[in-house]
Amino acid sequence: MKHSTMPERREGPVDPMPKSPRPEEGGGPRRPETGSPDKDSLMKRMRKVDPKQAERYRQRTGE
Amino acid sequence: MLNRIFGLETEYGLLIHEDHPDHSPTWFAHKIRDHLFHVQRRGVLDLHHRGHDEPPGNGGFLTNAGRIYLDMGHLEYASPECHSLTDIVASDRAGDRLLQQAIEDLGFSDRVSLIKNNIDHETDATFGSHENYLVSRRFPFSRRGMAPLVAFLVTRQIFTGSGRVGSAGPQDAWIQMDRLIIPRVAMGAGAGASLPFQISQRADYIVNDFFEWVQHNRAIVNTRDEPLADPNQYRRIHLLLGDSNMTEFATALKLGTTGLVLQLIEEGHAPHDLEISEPVEALQEISQDQERQWLVQLHSQKTISALDIQEQFLDSAVQHCKGQDEETDWVLTQWEAVLRDLRGDYQKLVGRVDWASKLWLLECYRDAENLDWHAPMLKSLDLEYHNLNQTKGLYYGLLEEGRVPRLTTDTFIQLAMDQAPKNTRAHGRSELVKHLIGSWSGAGFDQAANSERLFPPYVINWSIFQVRDRAPFPMPDPFKTYVEDVRTHLQSVTA
């Protein structure tokens with residue numbers, strides 16, 4: 001069984017918001033750099049984390 | 001993307017950094033909301049009862065046409081309707097920034113952190129990241145018609161999951177097994193509390209394949225029929241099984257691949273021989289599989305990996321959707337790359353896939369500190385991955401290291417905090433909200449909010465609004481901007 005797609009749009013597309021930059025312009029999707037990131041800097045961030053914060057994070061079930 | 005409207009709803013957690021806090025997370029949530037609407041004037045608060053849990057003043061629409069409100073004590077942001085992946089990613093990040101900036105403006109940064117995750121390790125509470133996809137009313141919304149969607153959703157977590165330390169305890173729910181309905185606890189599901197790490201935050205909390213509620217018996221596909229649009233033309237596919245994503249890449253790939261699979265189903269091109277035997281159990285088994293083999297059993301008794309299922313959907317999408325627009329081709333290229341990389345070392349996915357990024361960070365820390373997986377610190381690091389404070393959050397640490405590909409820019413996100421996409425119904429609503437902010441300025445606005453609740457000067461909903469003394473203004477088609485009509489309508493109000 002073949003199902004139709006959405007009804008035709010009744011307004012032509014307008015440029016929504018400024019386009020994100022293309023990869024060659026320094027933005028857009030691209031693969032991450034290969035090689036290890038600076039682990040020292042990340043370890044510094046991780047060592048600053050309060051070890052008890054998971055206990056302090058008392059959230060209610062939502063939705 | 002072609003013929004698709006996307007929306008995201010995100011519930012945030014608030015972490016208070018005090019041993020004996022004077023105030024609850026809900027107190028902070030109220031302060032943040034009030035600052036956004038009363039001080040920063042980012043939008044207009046509802047003056048009417050939207051529902052039993054949404055009294056006047058609980059939340060409101062923003063100038064970017066999204067919403068911020070309190071839901072069960074959580075701050076929640078609903079994006080405006082977006083017609084492209086670029087817009088939905090920027091609009092989603094705009095919500096993060098609006099709330100984080102309010103915390104910073106209020107001077108709360110040292111006292112409270114905004115956490116974009118979906119679980120509390122200690123209480124087993126869960127809160128959602130809900131996806132919305134507009135489809136045709138002719139979409140085959142039946143158990144059989146949606147079997148391919150379920151197979152896709154159960155297996156997409158291998159690249160959409162945000163990962164977590166441990167697992168949730170048994171959920172208070174009932175599961176249908178063939179013709180029997182039994183308590184989930186009897187299945188032993190979710191009992192792996194000592195589990196080191198799993199790839200999804202929400203998998204433990206999904207206990208049905210199809211169901212209409214969102215707070216209990218959460219399902220893979222939520223069946224509530226609430227299109228927020230013309231019900232003769234549209235249906236809204238509402239999904240609550242996904243995790244909040246930190247990487248822009250995972251956000252875009254989650255919405256993009258799901259959008260394409262919905263298109264395959266609409267057009268009758270989805271693979272139909274992939275029906276999973278017990279999808280709820282498969283969802284949890286994949287998430288919890290420490291070997292990452294991700295095997296599932298199909299109705300046909302065949303055993304197949306989640307990767308193979310995803311590749312079959314990818315093949316169909318390449319065959320039927322390739323070349324239809326630029327974003328579709330981006331999704332197809334990145335989908336293929338991610339599936340290929342998932343067959344190798346997970347570290348290749350760091351920066352693109354949240355669970356892989358988090359696992360890599362945790363492994364680095366465990367290795368450096370010689371910790372086993374039961375160390376409580378790992379749960380705290382898990383939370384910190386989702387901290388939206390850019391000077392503290394671990395995701396932002398990876399970003400700072402150049403490890404994370406961007407799909408948008410900070411400038412674009414800044415713009416999306418104030419402006420709606422210009423090619424959907426959100427544009428018209430944005431005009432309305434900006435008009436109302438101008439009309440009810442300063443003390444006059446607050447006075448109106450307090451005194452005129454019986455006859456509110458405006459009522460705004462997703463698909464209709466009414467300004468006092470004027471006829472209701474319906475906006476049933478999310479693909480239309482209505483912007484000129486809204487301007488004309490508001491001019492007549494002003495006159």
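## A three-strand sheet

Two strands count as paired if DSSP finds at least two bridges between them. The model is predicted. In chain B, three strands form an open sheet in the order S18-S19-S20, with antiparallel pairing. Strands S18 (458-461) and S20 (473-474) of chain B each have a single partner strand and stand at the edges, so one side of each has no neighbour in the sheet.

S19 (residues 464-467) of chain B runs antiparallel to S20(B), and two bridges join them. Within this pairing, Ile464(B) stands opposite Pro474(B) of S20(B).

Domain 1 of chain B gives 28 residues to the contact, and domain 2 of chain B gives 25 residues.

Which elements of chain B give two or more residues to the domain 1 side of this contact? They are strand S1 (6-11), helix H2 (85-105) and helix H10 (394-400). S1(B) has the largest share, with five residues. By type, the residues on the domain 1 side of chain B divide into 13 nonpolar, eight polar and seven charged.

## A covered helix

Is helix H9 (residues 377-385) of chain B mostly covered or mostly uncovered? H9(B) is mostly covered: nine of its nine residues are buried. Charged side chains are part of this set: the buried residues include Lys379(B), Asp382(B) and Glu384(B). Also among them are Met377(B), Leu378(B), Leu381(B), Leu383(B) and Tyr385(B).

Conventions
Residues numbered from 1 in each chain as written. Chains lettered and ligands numbered in written order. Predicted model: local features only at pLDDT ≥ 70, side-chain atom pairs only at ≥ 80, totals over all residues. Buried ≥ 20, exposed ≤ 12 C-beta atoms within 10 Å, placed from the backbone. Helix = DSSP H or I, 4+ residues; strand = E, 2+ residues; numbered from the N terminus. Contact = placed C-beta atoms within 7 Å.
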